[in-house]
Amino acid sequence: RFYLGIMSLVLYYNPLSPPSRLVLSAAYALGFDPEVEIVEFGPQLKSPEYLAKNPNGQVPTLEEEGFVVYESHAIVMFLVAKKGPTDFWPFEQPAPCADIDMAVETVRSKVLPAAEQVVFNGIVRPQILNQGGGPNDPQTQQGLSDLIRELGSLERRFFKGGTSFLHGNSFTYADAILFAWLVTIERSSIRLDLSTLPKIREHMHACEQEDCVQRVLSTMPAQI
């Protein structure tokens, strides 16, 4: 366990988990500084103590003085509700909030299925489950093809007017979701070729400049 400030929030976290990184970057972006407890993949996730907090046996999980929230979207919404409206999620402004919501749902419904296929078959199967897979696995390669296609669609739809973010000029929840998954692939031995997607490359660079993202990346291995 390591500590990132004295607060009542405890985040159960694994640095290899994209949802974990999403939640931690959101917490930092919203001004929270949770205590971070590393949960290793394997038996620890299925221990009675951890399952009592998260019956799904997954990370992340957030706890505040006995109140437990799991599932990354639910955790982020809990933090947003505690903080109030910000550029990260301006829920009191209908139009900007709707724009961000559309980007969030597009990333979650279109981009993430392909990214999840790449991460599961290219990283999780060989490194955690010891069940084959790898960068050259056909399912990994199919996921990469689907991912590039969906990123192209995302780029044409949302990156307009010179912005490097999915909405306006600020790092939002939509950016946090997209970056958390793409950086996992970028830091692995899987070749993610973004040469035909200049706006996605700019997006990755812009996110990396955010303090909240830099703090999260410092917990992550340089090479997965």
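This note goes through the predicted model from overall build to local backbone details.

1. Basis. The model is predicted: local features need pLDDT of at least 70, side-chain atom pairs count only at pLDDT 80 or more, and totals for chains, interfaces and linings use all residues. Residues are numbered from 1 along each chain as its sequence is written, and side-chain values use heavy atoms, with hydrogens and water left out.

2. Overall build. The protein chain has eight helices and four strands. These are DSSP runs numbered from the N terminus: helices are H or I with at least four residues, strands are E with at least two. In sequence order the pattern reads β-α-β-α-β-β-α-α-α-α-α-α.

3. Size. The protein chain has a radius of gyration of 17 Å, which agrees with the value near 17 Å for a compact globule of 224 residues. The radius is taken over C-alpha atoms, and the globule rule is 2.2 Å times the number of residues to the power 0.38. Along the principal axes, the C-alpha atoms fill a box of roughly 45 × 45 × 25 Å.

4. Burial and surface. Of the 224 residues, 50% are buried. Buried means under 20% relative accessible area, exposed over 50%, and partly exposed in between (1.4 Å probe, protein chains only). The accessible surface is about 10300 Å², and 51% of that belongs to carbon and sulfur atoms. Areas come from the Shrake-Rupley method with a 1.4 Å probe; for residues, only the protein chains shown count as cover.

5. Contacts. Take contacts between residues at least 6 apart in sequence: 65% of them join residues at least 24 apart. Contact means heavy atoms within 4.5 Å.

6. The sheet. Four strands form an open sheet in the order E2-E1-E3-E4, with mixed pairing. Strands E2 (35-38) and E4 (67-70) are the edges, each pairing on one side only. Neighbouring strands are turned by 20° against each other on average, direction ignored. Two strands pair if DSSP finds at least two bridges between them.

7. Strand E3 (residues 61-64) runs antiparallel to E4, and four bridges join them. Glu-63 has Val-68 in E4 as its bridge partner, and Leu-62 has Val-69. Two residues lie between the strands, and Glu-65 in this hairpin takes a positive phi near 50°.

8. Helices on the sheet. Helix H1 (residues 18-29) lies across E1 (9-13) and E2, at about 155° to E1. Helix H3 (residues 72-83) lies across E1, E3 and E4, at about 130° to E4. Axes are lines fitted to C-alpha atoms, for helices over the stretch in contact; angles run from 0 to 180 degrees between N-to-C directions.

9. The H6-H7 pair. The axes of H6 (residues 173-186) and H7 (residues 198-208) come within 10 Å and cross at roughly 100°. That makes H6 roughly perpendicular to H7 (65 to 115 degrees counts as roughly perpendicular). Among the residues that meet are Leu-178, Phe-179 and Leu-182 in H6, and Ile-200, His-203 and Met-204 in H7.

10. Backbone points to check. A cis peptide bond joins Val-59 and Pro-60, with omega about 5°. Pro-60 sits in the loop between H2 (48-51) and E3. Glu-71, in the loop between E4 and H3, has a positive phi near 80°. Glu-71 is partly exposed at 40% relative accessibility. Asn-130 has a positive phi near 55° and lies in the loop between H4 (94-129) and H5 (138-158). Asn-130 is exposed, at 64% relative accessible area.

Note on methods. Angles under 35 degrees count as roughly parallel, over 145 as roughly antiparallel, 65 to 115 as roughly perpendicular and the rest as oblique.
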